[in-house]
Structure formats: structure tokens, C-alpha cells
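Subject: Structure for your review

Dear colleague,

Please find the structure below, handed over for your own work. My findings follow it.

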Amino acid sequence: MKKTIVTGGAGFIGSHTWVELLAAGCTPIIVDDLRNSEERVLLGLEKITGRKPVIHRIDCTDARAMNLVFVQEKPDSVIHFAADKAVGESVRDPLKYYHNNIGSLVTLLRVMADHKVKDLVFSSSCTVYGEGDKLPVTEDSPTGAAASPYGYTKVVCEQMLRDASIADPALRVVMLRYFNPIGAHPSAHIGELPIGVPNNLVPFITQAAAGLRDKLTVFGNDYPTRDGSCIRDYIHVVDLAKAHVLALQWIAKQKAPLCEVFNLGTGQGNTVLEAVHTFEEVNGVKVPFVIGPRRAGDVVAMYADTAKSLNVLGWRTELTLGDALRDAWRWQLALG
Ligand code: UD1
């Protein structure tokens, strides 16, 4: 049985991936200090699978502690989710982002080298495309013009992985560029846990619908799109999680050195207003909203070309925007 270290395994995407890894017969080991998560995620994982997650509560930039995890667990591969991801916070506190996001990858690559672990899946983001040169965005579109320090940490980590795989011909790396992950597990035992006021659209929608927020502000309705609001590629987190399993299985069949990048999106763009109205339709709940000014740093439209993920990994999304918004609402109701 293949053993995989899942850094950030108590986080939003990491926890859903833990479920899919287990279902695929892997042994996923969580490395997460729960700084952006809660015990309830671990309980949720147990409720879904009947298995108590193995977790090492350590900071991924702590080389000694990471080394001990590798000594103890003897993993075959790693999926590295652990990172800070709040765009606005990264503008206010860039050093936190450069330290945690880049520092944890440096530490991880060193520990992997010391223990001769060669297979790695890395969480990247469509933010590396900046504005994007064409739509849908393909993997060979130019990267590097990210709109925030958070975005730049992903650009730098991707480059670090390209350089590391040139230097170590045994390394096999897949970098997954996520578009907009939303939704929750259909069981409503795990989902997103935004800290404080949500920055992202869907947690804000669910909180506004639940009456926890006054109203949603739609950031701009004067963009050159079909209804004036921005277009994004919203992908159900369960579809996204499944891609990580396929990526690990695909890596295992490849020859090293390998450093390949894949888009993970639905290939469909939806506007903010479409997301709001779909939420209302599938859940039969109203979302109080107003139109506000544009948000600094937002790109007009971004959605994925998914041909490479389909042709190479054999991955395609199975769930719809409506499914994701239904599951997000169930999770909100479960949170209370
Ligand atoms: C951002 C990041 C992305 C990151 C993701 C998750 C950039 C360019 N994008 O995506 O890399 O992975 O967050 O953390 O850095 N909106 C509203 N009202 C709200 C909130 C959002 O109208 O209250 C709109 C936004 O203007 C945007 C869309 O909803 O058009 C999606 O926003 P959001 O969920 O924050 O994700 P992105 O900004 O696309």
C-alpha cells in the first residue's frame, strides 16, 4: 500500500483529497498544525470514512520535525497543500507568505532528498497566469505576472520545482493549477472553514444566505462580460481532490526526471451573478446582495483549458456548479 504525506491535509482541499486517497487504497498521512483548520475536520474525516486520520501536528517549515515525520512514516510520495492563501493578507504581510509558502517547500524538498522520496504533487493556482493571455487559459500561457505576493509565492515555488527537478534527475513532480475550488463534501462533514470575514465568493454567499452577513457585495457589474460581473471557473472540491489521486498514479508510471503542470478547472466560465442566481435556484434560498465597486486586483475573466488534464491524466469534472453550490449550502447549515 502506497503511503503519501499530505501536508495541509486538514485544510479545505487537503481534507477532501485525504478522503479520495483512502478510497483509492492509499495510506494518507496528514502533516498540519491546524493553524487554519479545526479539530472538527478530523472528526468529519472519521465520520465519512470510519478511519481515524493519522496526523502530525507540526509546522512544515520546521526541518527537524519534518525529518522525524519522514523517519517515522517512510512515505512513498508527498502532496504539498500546506500554504497561506489569503490574497489581501499577503499584500499586508508579504514576508509571512514568502516565509511560509516558499520556506515550507524548501524544507520539504530537502527532507524528501534526504529520505530519497521522489514523487511530489504540488498545489499551484491559476493566479500564476496573472491576466491570462487568452481564454481558455492553456498550461503554456505565460506566467510570472501574479497580482499579489500570494500569487508570486506560487510562481516562485513552481520555478523552484523546475530547477530542483533539473538538479535531481530522479525527482518526479506534478504541479496542479487550481482555478476556483468551491463546494464541500456531499456528506456535509467537511468543507471550507473561512477565518473571520470570508474573502472568497462562495463562503460569503453561504454566510449572507444564512443571515450571518448583512449582504454580499458583487464587486463590479461594468466589466466587459455577458452581465457585467467577473467570470471564473468554479470547480467542485471533490472533483479537484480526485485529480490528485490520478496525478499520483500517473507519476508512478512515468520516468524521471519529470516536472509537469496541469490546469484543474471545469473549462466553463461563470459570472458572479450567475453563481448567485444558481445558488438561489438549487437551494431555494435568497442571497441578499448589492452591486459595489470593482475589487482591486481582480481579472475580468479566467477559465481553464482542460484538454491536457483530460488527455494525459484522464481526469474530467463530474459535478456541476449547481452541485457545488448545493453542497456548500449543506455545509453552511451543518456549521450552524
Ligand atoms: C483568488 C485568487 C486565487 C486563489 C483564490 C482562493 C487571485 C487573482 N486569485 O481567486 O489565486 O486561489 O482566491 O483563495 O489572486 N467576489 C464578489 N464579492 C465577494 C467576493 C468575491 O463579487 O464578496 C467576486 C470577485 O470579484 C471575483 C469572484 O467573486 O470576481 C471570485 O472571487 P474569489 O472567490 O475571491 O476568488 P478569486 O479572486 O477569483
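The buried residues of helix α3 are covered by elements that include strands β1 (3-7), β2 (27-31), β3 (54-56) and β4 (77-80), together with helix α5 (94-114). Please note that this is a predicted model. Helix α3 itself spans residues 63-73, and its buried residues are A65, M66, V69, F70 and E73. These residues lie on the same side of α3, because they cover an arc of only 140° around the axis. In general, residues three or four places apart in an α-helix point the same way, because the helix has 3.6 residues a turn. On the other side of α3, the exposed residues are R64, L68 and Q72.

Both ends of this helix deserve a remark. Just after α3, K74 adopts a positive phi of about 50°.

I turn next to the ligand. The ligand is surrounded by 19 residues, of which L201, T217, R232, R295 and D298 are the closest. By class, nine residues of this shell are nonpolar, six are polar and four are charged. Strand β8 (residues 216-219) supplies the largest share of the shell, with four residues.

For R232, an N or O atom of the side chain is 2.6 Å from a ligand oxygen. For R295, the corresponding distance from a side-chain N or O atom to an oxygen of the ligand is 2.8 Å. A polar side-chain atom of S125 is found 3.0 Å from an oxygen atom of the ligand. The ligand taken alone exposes 750 Å², and the protein buries 90% of that.

Is N180 buried, partly exposed or exposed? With a relative accessible area of 22%, N180 is partly exposed, because the buried class requires a value under 20%. Between N180 and L201 there are 21 residues in sequence separation and 9.6 Å in space, taken from C-alpha to C-alpha. L201 is also one of the residues closest to the ligand.

With kind regards

Note on methods. Residues numbered from 1 in each chain as written. Predicted model: local features only at pLDDT ≥ 70, side-chain atom pairs only at ≥ 80, totals over all residues. Heavy atoms only, no water. Buried < 20%, exposed > 50% of the residue type's maximum accessible area, 1.4 Å probe, protein only. Near = heavy atom within 4 Å. Polar contact = N/O pair within 3.5 Å; in protein donor to acceptor, adjacent residues only side chain to side chain. Areas by Shrake-Rupley, 256 points an atom, 1.4 Å probe, with all protein chains shown as cover. Helix = DSSP H or I, 4+ residues; strand = E, 2+ residues; numbered from the N terminus. Nonpolar A, V, L, I, M, F, W, Y, C, P; charged D, E, K, R; others polar. Arc of directions from axis to C-beta. Contact = heavy atoms within 4.5 Å.
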